[in-house]
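Trainee: I would like to go through a structure with you, one question at a time. Could we begin once it is on the screen?
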Amino acid sequence: MSIKTPYLAVDGIIKIFEKDRFKGIVLIERKNPPFGLALPGGFVEVGERVEDALIREMKEETTLNVKIERLLNVYSDPKRDPRFHTASCVFICSATGTPKGSDDAKEAFVYRLEDIPFDRLVFDHKKILRDFIGF
């Protein structure tokens with residue numbers, strides 16, 4: 001039997017702290033289409049727990065070791081990814097240190113919430129970050 005389902009992905013809203021001070025969240029500049037800024041993330045591999053995929057993808061794209069705080073939501077709009085239908089589990093995480101772009105990320109940046117360039121975000125990450133911020 002052939003079952004067709006969306007590709008399962010994970011995205012992370014990484015909150016960066018310096019000691020106890022919140023500095024902002026991590027966004028990556030994508031190396032591959034669609035080009036622009038995005039939350040770090042990627043696909044869950046067969047046999048992998050979603051939480052393990054998140055930790056792996058955050059490390060691969062930002063070099064950061066993250067602590068998962070909670071699940072924000074699951075985003076599954078068939079049009080969220082222009083390449084194909086994906087369903088993404090989006091987690092809120094925390095980390096310390098300076099992110100460095102790696103793997104699929106050309107660069108990694110820390111943005112204060114009030115400085116997020118919403119017009120440069122790809123996929124449905126504008127909606128995700130608006131949900132996270134609460135507007």
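Trainee: How accessible is Y7: buried, partly exposed or exposed?

Mentor: Y7 counts as partly exposed, because its relative accessibility is 47%. Buried means under 20% relative accessible area, exposed over 50%, and partly exposed in between, with a 1.4 Å probe and protein chains only. Please note that this is a predicted model, in which local features need pLDDT of at least 70 and side-chain atom pairs count only at pLDDT 80 or more, while totals for chains, interfaces and linings use all residues. Residues are numbered from 1 along each chain as its sequence is written, and side-chain values use heavy atoms, with hydrogens and water left out.

Trainee: How many aromatic pairs does the structure hold?

Mentor: There are five aromatic pairs. Rings of Phe, Tyr and Trp (its six-membered ring) pair if their centres lie within 6.5 Å; planes under 30 degrees apart count as stacked, over 60 as edge-to-face and the rest as tilted. One of the pairs is Y7 with F84, which is tilted, at 4.6 Å centre to centre and 45° between the planes.

Trainee: Which parts does that pair tie together?

Mentor: Y7 lies in strand 1 and F84 in the loop between strand 5 (67-75) and strand 6, so the pair links parts that are 77 residues apart in sequence. Strands here are DSSP runs (E, at least two residues), helices are H or I runs of at least four, and both are numbered from the N terminus. F84 is partly exposed, with a relative accessible area of 31%. Y7 and F84 also belong to one aromatic cluster with F43.

Trainee: And what about F17 and F22, how are their rings arranged?

Mentor: Their centres are 5.6 Å apart and their planes stand at 55°, so this pair is tilted. F17 is partly exposed at 22% relative accessible area, and F22 is partly exposed at 32%.

Trainee: Changing topic: which strands pair with strand 1, and in what sense?

Mentor: Strand 1 (residues 7-18) runs parallel to strand 6, with eleven bridges joining them. Strand 1 pairs in the antiparallel sense with strand 4 (residues 41-43) over three bridges, and with strand 2 (residues 21-30) over four bridges, again antiparallel. Two strands pair if DSSP finds at least two bridges between them.

Trainee: Which residues stand opposite each other?

Mentor: K15 stands opposite S94 in strand 6, and I16 stands opposite G24 in strand 2. In strand 4, G41 is the bridge partner of D11. The hairpin of strand 1 and strand 2 has two residues between the strands, and K19 takes a positive phi near 60° there.

Trainee: What does the side chain of S88 make a polar contact with?

Mentor: The side chain of D11, at 2.6 Å. A polar contact is a pair of N or O atoms within 3.5 Å; within protein, one must be able to donate a hydrogen and the other to accept it, and residues adjacent in sequence count only if both atoms are side-chain atoms. S88 is found in strand 6 (residues 86-96) and is buried, with a relative accessible area of 0%.

Trainee: Lastly, what is the overall make-up of the chain?

Mentor: The protein chain has two helices and seven strands, in the order β-β-β-β-α-β-β-β-α along the sequence. Buried residues make up 46% of its 135 residues.
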